[in-house]
Amino acid sequence: MPARFIGSEVYRGSSYGPWHPLRIPRVSTVMDLGRTLGWFGQGEYLTSPRAKPRALEVWHTPAYVAALQRAEAEGAVDDATRTRHALGTTANPVFDEVFRRPATSAGGVMLAAELVAQGGVVHAPGGGTHHAFPDRAGGFCYVNDPVLCLLALLRQGLRRLVYVDIDAHHCDGVEHGFAGSDAVRLISVHEERRWPFTGALEETAGGTAFNLPVPRGFNDTEMRAVLDGLILPRTAEWRPDAIVLQCGADAVTEDPLSRLALSNNAHRAVVAGLRPLAPRLIVLGGGGYNPWSVARLWT
């Protein structure tokens, strides 16, 4: 099967606001660069559907999904909604597409799960929002599309999944979703003493997770050692039916919200190393707050 790319015009011009780190273009730039380079063959670019509220309620609470829809319709939230669901905060403001954009990201990753049913690779850079919880937003994330992607793969009857996360920030929402799971193995490499301040080395989420906090300045050579010593052997021994890789760009050296020092080569090596270990691979986006390095890396 050819590799497929999932994008959407909802990301073009959609912004969290002029002061927010996610005011920058990211996925739309990847779409444009991919087209300019001629990298989308016949049928390889697909437009993401928007997930319906009922699809989001596979993991998110109906009250939270309704609050997201209401926030978009009204352009604001009341104090009770802000307190309960963490919407309308500095990190997770209300903006014009506050429901449509994350619902599109969720629809894209669930489509990716369908596309790899018989095997293959899908790149969905709009996905990777790994901090949302069932009833609240967190860390710039409104809907936890990695959780929804993994659940969609399990609904296909797949029995063994590996989720690898190399974002600079720990995947607290995904770990919450699969703590104690006997079907999903989580591997997270993230900057130590960085928000959300979870993912300690000894934290295993009931035997599900391997967490590796790394120091500031963490570089390509050190990532190669982590790849060979942790990511690849722990993935291979699980014999996964599918791998989901959250490939956040905020671990790249130019990013303003982390202090890691990886290049594109480190991320590319992770993708290349994981590809032979399962018949299905879905590569998501994630963090990344320098528009130039994010677009370059994901493209």
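Here are a few friendly notes on the cores and salt bridges of this structure.

1. **Ground rules.** This is a predicted model, in which local features need pLDDT of at least 70, side-chain atom pairs count only at pLDDT 80 or more, and totals for chains, interfaces and linings use all residues. Residues are numbered from 1 along each chain as its sequence is written, and side-chain values use heavy atoms, with hydrogens and water left out.

2. **The largest core.** The largest nonpolar core has 54 residues; such a core is a set of buried Ala, Val, Leu, Ile, Met, Phe, Trp, Tyr and Cys residues joined through side-chain atoms within 4.5 Å. Here buried means under 20% relative accessible area, exposed means over 50%, and partly exposed is in between (1.4 Å probe, protein chains only). Helix H5 (residues 100-115) gives the most to this core, with eight residues. Helices are DSSP runs (H or I, at least four residues), numbered from the N terminus.

3. **Tyr142 in that core.** Leu56, Tyr142 and Leu153 touch the most other members of the largest core. Leaving aside neighbours within four places in sequence, the contacts of Tyr142 include Tyr16, His60, Tyr64, Leu68, Phe95 and Pro102, where contact means heavy atoms within 4.5 Å.

4. **Salt bridges overall.** The whole structure holds 13 salt bridges, each being a side-chain nitrogen of Lys or Arg within 4 Å of a carboxyl oxygen of Asp or Glu. One network of salt bridges links Glu9, Arg12, Asp32 and Arg35.

5. **Arg35 and Asp32.** Arg35 is partly exposed at 41% relative accessibility, and Asp32 is partly exposed at 31%.

6. **Arg224 and Asp228.** What is the N to O distance in the salt bridge between the side chains of Arg224 and Asp228? It is 2.9 Å. Arg224 and Asp228 are four residues apart in helix H8 (residues 220-238), so about one helical turn separates them. Arg224 counts as partly exposed, at 39% relative accessibility, and Asp228 is partly exposed too, at 45%.

7. **Arg54 and Glu57.** The side chains of Arg54 and Glu57 form a salt bridge at 3.8 Å, N to O. Arg54 is exposed, at 66% relative accessibility, whereas Glu57 is partly exposed, at 27%.

Methods: Helices (H or I, at least four residues) and strands (E, at least two) are DSSP runs, numbered from the N terminus.
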